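Have the structure open and follow along.

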Amino acid sequence: MPSPLPATVDATLALLARGRYVADRSLATALFLALSLRRPLFLEGEAGVGKTEIAKVLAETLGRRLVRLQCYEGLDVASAVYEWNYSRQMVEIRLAEAAGDRRRESLDSDIYSERFLIKRPLLQALEADPGGSPVLLIDELDRTDEPFEAYLLEVLSDFQITIPELGTVKAAEPPLVVITSNRTREIHDALKRRCFYYWVDYPDAARELEILRIKVPGAAAELSRQVVGFVQRLRKVELFKLPGIAETIDWTEALIQLDQVALDPKAVDDTLGVLLKYQDDIARIRGSEAASLLEQVKSELAGAARG
Ligand SMILES: Nc1ncnc2c1ncn2[C@@H]1O[C@H](COP(=O)(O)OP(=O)(O)OP(=O)(O)O)[C@@H](O)[C@H]1O
Ligand SMILES: [Mg+2]
């Protein structure tokens, strides 16, 4: 029995929470609609804000197979869809030759049968599954080139793939598709039109604190509040690359490793490389800027505590 899809936005929120994903209502709404209306969900956003994680959590909590297509420049049909197993076909041909004429006649249909087909993610995602249609994650689509995007558009329209030597493979039930992009280039309108679009933003302080509570439960409450306050302020500074949620989690874990129960200027300076990944950014923040940000965070938290 396939696990049922969530029936309401609240049920979608609860489903994500079960997978330890803290979503706001607007994201849960987009996901709920995408699932109910069987449309791909197109997630765009900065690095490390939790785009890929949504697909993983969805597969895990629904008990579906996760099929992941990691995109990169030069991705082609052979890596994304299917490929014939040439070496096995060669062996088969040799065997047929050795066996004489009788086997050679049926050889052609033989070596282009499913036995010799290597199925890549897009084809795998169309295969029926007793556990329900899989979650197809097409990750970092902006890294591929436009011809591949056009091909994908076709697949996402009909959920079928034609293999010239074999015929057409069509999904009995379309997969649950999640597409992500870091927006290093714009994805074509034609593809976006087939999807529900959602911009995954940096979380506000309350949501980021909740994420830390769930993902790094060992952190002292004071440390978590300061970390979140610091990262939230850091995101307002003009930097080459702002820290994502992944960095907030990493930084908190690093500080725990160093036995920090609260932030101090030295601990911040020593661990900035966990948070910022460009030397120019680190040089800009390290020292007086970090100390000043920390001061602001501490006085803000003290003010909030007073009431
Ligand atoms: N809302 C959230 N709730 C819980 N954990 C989250 C949330 N958002 C992000 N995370 C955590 O942050 C980490 C990074 O998330 P993820 O890999 O999905 O980011 P991404 O947006 O796909 O980044 P990239 O663009 O670099 O691939 C994950 O390990 C995930 O656990
Ligand atoms: Mg990702």
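How far is an oxygen atom of ligand 1 from an N or O atom in the side chain of Lys 51? The gap is 2.7 Å, which makes the pair a polar contact (N or O atoms within 3.5 Å). Before going on: this is a predicted model, where local features need pLDDT of at least 70, side-chain atom pairs count only at pLDDT 80 or more, and totals for chains, interfaces and linings use all residues. Residues are numbered from 1 along each chain as its sequence is written, chains are lettered from A and ligands numbered from 1 in the order written, and side-chain values use heavy atoms, leaving out hydrogens and water.

Back to the ligand. A side-chain N or O atom of Glu 140 lies 3.2 Å from an oxygen of ligand 1, and a backbone N or O atom of Val 49 also sits 3.2 Å from a ligand oxygen. On its own, ligand 1 has 630 Å² of accessible area, and the protein covers 82% of that (Shrake-Rupley method, 1.4 Å probe).

Now look at the shell, meaning residues with a heavy atom within 4 Å. There are 19 residues around ligand 1, and Gly 48, Lys 51, Thr 52, Glu 53 and Lys 215 come nearest. Helices α3 (51–62), α11 (205–215) and α13 (245–257) each supply at least two shell residues (DSSP runs of H or I, at least four residues, numbered from the N terminus).

Terms used. A polar contact is a pair of N or O atoms within 3.5 Å; within protein, one must be able to donate a hydrogen and the other to accept it, and residues adjacent in sequence count only if both atoms are side-chain atoms.
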